[in-house]
Amino acid sequence: MWKKEPPIRIKTRRQGQTAAAPTTTMTRSTRTQGLIITWTQFVVVAAVAMLLNCLVCQAAGRAPPEPYYGRYIGQFSNFAHGIKGSIYAVDESTLFVKSFAYDGTGPDAFFWVGKTARPSPDGYIIPYPEEYMGIDPPILQAHNNTDIILRLPMGKRIKDIRWLSVWCRRFTVDFGEVFIPAGLDVPKPRVLPEFKRLAHGLRSSNISVLDAKTFYIPNLHYDGAGPDAYFWVGNGSEPNIMGIKVPNEIGSLEPLRGYQGEDIEIQLPGTLTVYNIDWLSVWCVEYRHNFGHVFIPKDLDVPPALGQTKITTTTTPRPVYSNCREVLPNKLQVKWELQGEYLQIELFGRISEDQYMAFGLSGANGRAQMAQSDVVVAFYDTTARVFRAEDYFISDLSQCDGQRGVCPDERIGGRNDVVVVSGDRKNGVTSIRYKRLLQTNEPIYDAAIPTDREVSIIAAIGPLNSRKEANAHSHTSSDHNPDDIRINFSTRNDHACKSSLYDVKDESGPKPWPTRKIEGVTKFRAVIGPTGGKRGYTPITGVPSWGIAWYLNDLLIPEITVERGKTYEFTIEGGSDPAQPARFHPFYITDSPEGGLGQKMGLDARKQKAYAGVEFDDDGDSIPTAAGRYCEWQHRGIDRSAESETFEDYKLTLELHCEEGEPGYLNWTVPMDAPDLLYYQCFTHNNLGWKINVVNSGASATGGQHWSSRHLVVYAISTVLSLVATRRGLASRLLA
């Protein structure tokens, strides 16, 4: 029987409107084409439908309007040269300019910011592009509706500026401007709880939402034993099967490996954002089991995902291999391990970023033959900024034409059966770990990897072409193996590598100078100077430099030794004007071998500790305190480091120039609990300083070339005498 009842009023969250439910309801049951629906069933179905609709509405309702560029600031005012563009605050130190236009004819124009009432010469440059070459930022070029990301330099925040201008320094002219609203509330990363610990040892530290698509998961632990586990996101009150896989930290959708305290960053796929999901979990698809999860708040106000997020994560721990062969002397090593039906390979190559390394099965057993071979070409893609390993088939020794030649399998109708596991590049060595099935069931382009016998292999390094594909190498013994090398991939302890490629010295350059060490000195003078090319900073530290470094007591990045509880005085002459980024180098002491605290944000900043030269404001932002006039050792002419056998010889080719002003001072009493190793660094730039060895009172470091107070005095006198003698000799030659 049917009975009339008042309509049910339902208010949806999304539309905020009321809608009438059907005006007839069922009191007991009704039969429709043999289907019996009870009132209870109807209510349950309706409730489920309402819940699903509400979840969808909730997810969509908390999302910002699309497209999302951050907090809107305003439009550029155009005073000259066709300036236009919409400006957004992406995060506390990043601006986004949508559809920027400028005719490019200004003689000395830059993006310019400051905190005066209006744009004025009392401002400073935002370098664009950010990763420019040379000492000075390039002049702003023409743009026609270009989307631009601008990062404030030297640790500045949007709260520290009042305007953004396109400014010509030469004529002090404002081409266009926009003003920052007072008290602008900019989007910020959001810190969440750690993973809930449910199974397989899953745990982490607090997870952060860096932007609308990016999660940072520090100190991740997981035993890797789940048979079909993935990062998994979705909607609902608990993780469930209606979720979506999220690629791991290297962009792979392979089941998750084990993690042992690593810091990783993952990004949501496609158009998905954190505003569309309720949780992030580690989920086993095969057994429908939740290993652990974290809920996503509904009140997020995080930065948009415009490609601005940059954070340093830990290097993936390397497995301990029992097998290693050096297939190209001092150039290429291969390590391998059988993992069930997979072979895992890790290649280590001393190659540049525009080169590849290739390894695989020879085209003919018993000799090294490139033709008809099945190889993997591995390299770092500088455009996509990812490590890649591609499955190749070599039909002919020619460039791939889409049918024949040295071709990726995917270009000639096959598939890429190689899965990248991890990659790294440091100290001139690229390492890429990948795995491949022993038998891929692709008979034309892939050879089966035997495990019951030795097989001939081939290896090579060479240049990449514009398509990021392998170009021909030069066919010398140093870039491919001319002799037959055989490997049985099922063996263990086949370890013929005598040393690490990281320890290989670059014989192509001049001999590096030994590291200087200073002990027994309590007063230091810190100035800026050149790095000494291939003889100085880079061979000493093992990392690239950007052309300048600290000189302490007139020595290039010496290691200094200090005693706990003792006070040391530093005179700082690295520049004090933030408006000149290339000449603004505040001095500080830290536990970071990289430095540059002023350009680090959020989690990156918290990864290092400052021991001296830094204070913190009420917002927790770091402020440098050790800055003074700018002094720099400069070349008298061209850089003579390559032809200077000793640093003392090189020093005679330099002369010290100091600007007007007063030096800065830093007095540092070494804490009793200071670690054994610290670093003196530049607050605003990475990699300018070097080591501080911290010892107990009365102890001293051993080894190396040490410089005490007496040594320094003798060295200074000898330097002056040599300089005088050099100048007298030059004068005599000129008079003659």
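Start by selecting Arg157, Lys159, Asp619 and Asp621: these residues are linked in a network of salt bridges. Keep in mind as you go that the model is predicted. Across the whole structure, the count of salt bridges comes to 36, and a few other pairs deserve a stop.

Next, pick aspartate 494 and arginine 325. Their closest N and O atoms are 3.1 Å apart, and the two form a salt bridge. Aspartate 494 sits in the loop between β34 (485-487) and β35 (516-518), while arginine 325 belongs to strand β24 (residues 323-328), so this pair ties together parts that are 169 residues apart in sequence. Are the two partners buried or exposed? Aspartate 494 counts as buried at 17% relative accessibility, and arginine 325 counts as buried at 18%.

Now move to arginine 535 and glutamate 645, a salt bridge whose closest N and O atoms are 3.6 Å apart. Here too, distant parts of the chain are linked: arginine 535 is in the loop between β36 (523-530) and α2 (537-541), and glutamate 645 is in the loop between β45 (631-635) and α4 (647-651), 110 residues apart. Colour this pair by accessibility and you will see a contrast: arginine 535 is buried, with a relative accessible area of 3%, whereas glutamate 645 is exposed, with 56%.

One more pair to display is glutamate 249 with arginine 257, a salt bridge with its closest N and O atoms 2.9 Å apart. Arginine 257 is partly exposed, at 23% relative accessibility.

**Into the cores**

Select Trp550, Phe570, Phe587, Ile589 and Trp668. These are the residues with the most contacts inside the largest nonpolar core, which has 45 residues. Strand β37 supplies the largest share of this core, five residues. Then centre on phenylalanine 587: what is it in contact with, leaving aside its neighbours within four places in sequence? Its partners include Trp550, Leu552, Phe570, Ile572, Leu666 and Tyr680. For a second, separate core, of 33 residues, highlight Ala229, Tyr259, Ile264 and Ile266, which are among its members.

**An open sheet**

Switch to a cartoon view and find the four strands in the order β16-β17-β18-β21, an open sheet with antiparallel pairing. At the edges stand β16 (190-191) and β21 (259-267), each with a single partner strand, so one side of each has no neighbour in the sheet. Zoom in on β16 and β17 (residues 208-211), which pair in the antiparallel sense over two bridges. Arginine 190 stands opposite valine 209 in β17.

**Backbone details**

Turn to the torsions. Tyrosine 128 and proline 129 are joined by a cis peptide bond, with omega about 0 degrees; proline 129 lies in the loop between β12 (124-126) and β13 (143-151). In strand β13 itself, select asparagine 145, which has a positive phi of about 60 degrees although it is not a glycine. Asparagine 145 is partly exposed, at 41% relative accessibility.

Asparagine 553 also has a positive phi, near 50 degrees. You will find asparagine 553 in the loop between β37 (548-552) and β38 (555-556), and it is buried, with a relative accessible area of 15%.

**Last stop**

Finish at glycine 82, in the loop between β8 (77-78) and β9 (84-91). Glycine 82 is partly exposed, at 42% relative accessibility. Beyond its neighbours within four places in sequence, glycine 82 is in contact with Ala101 and Tyr102.

Conventions: Residues are numbered from 1 along each chain as its sequence is written. This is a predicted model: local features need pLDDT of at least 70, side-chain atom pairs count only at pLDDT 80 or more; totals for chains, interfaces and linings use all residues. Side-chain values use heavy atoms; hydrogens and water are left out. Buried means under 20% relative accessible area, exposed over 50%, partly exposed in between (1.4 Å probe, protein chains only). Contact means heavy atoms within 4.5 Å. A nonpolar core is a set of buried Ala, Val, Leu, Ile, Met, Phe, Trp, Tyr and Cys residues joined through side-chain atoms within 4.5 Å. Two strands pair if DSSP finds at least two bridges between them. A salt bridge is a side-chain nitrogen of Lys or Arg within 4 Å of a carboxyl oxygen of Asp or Glu.
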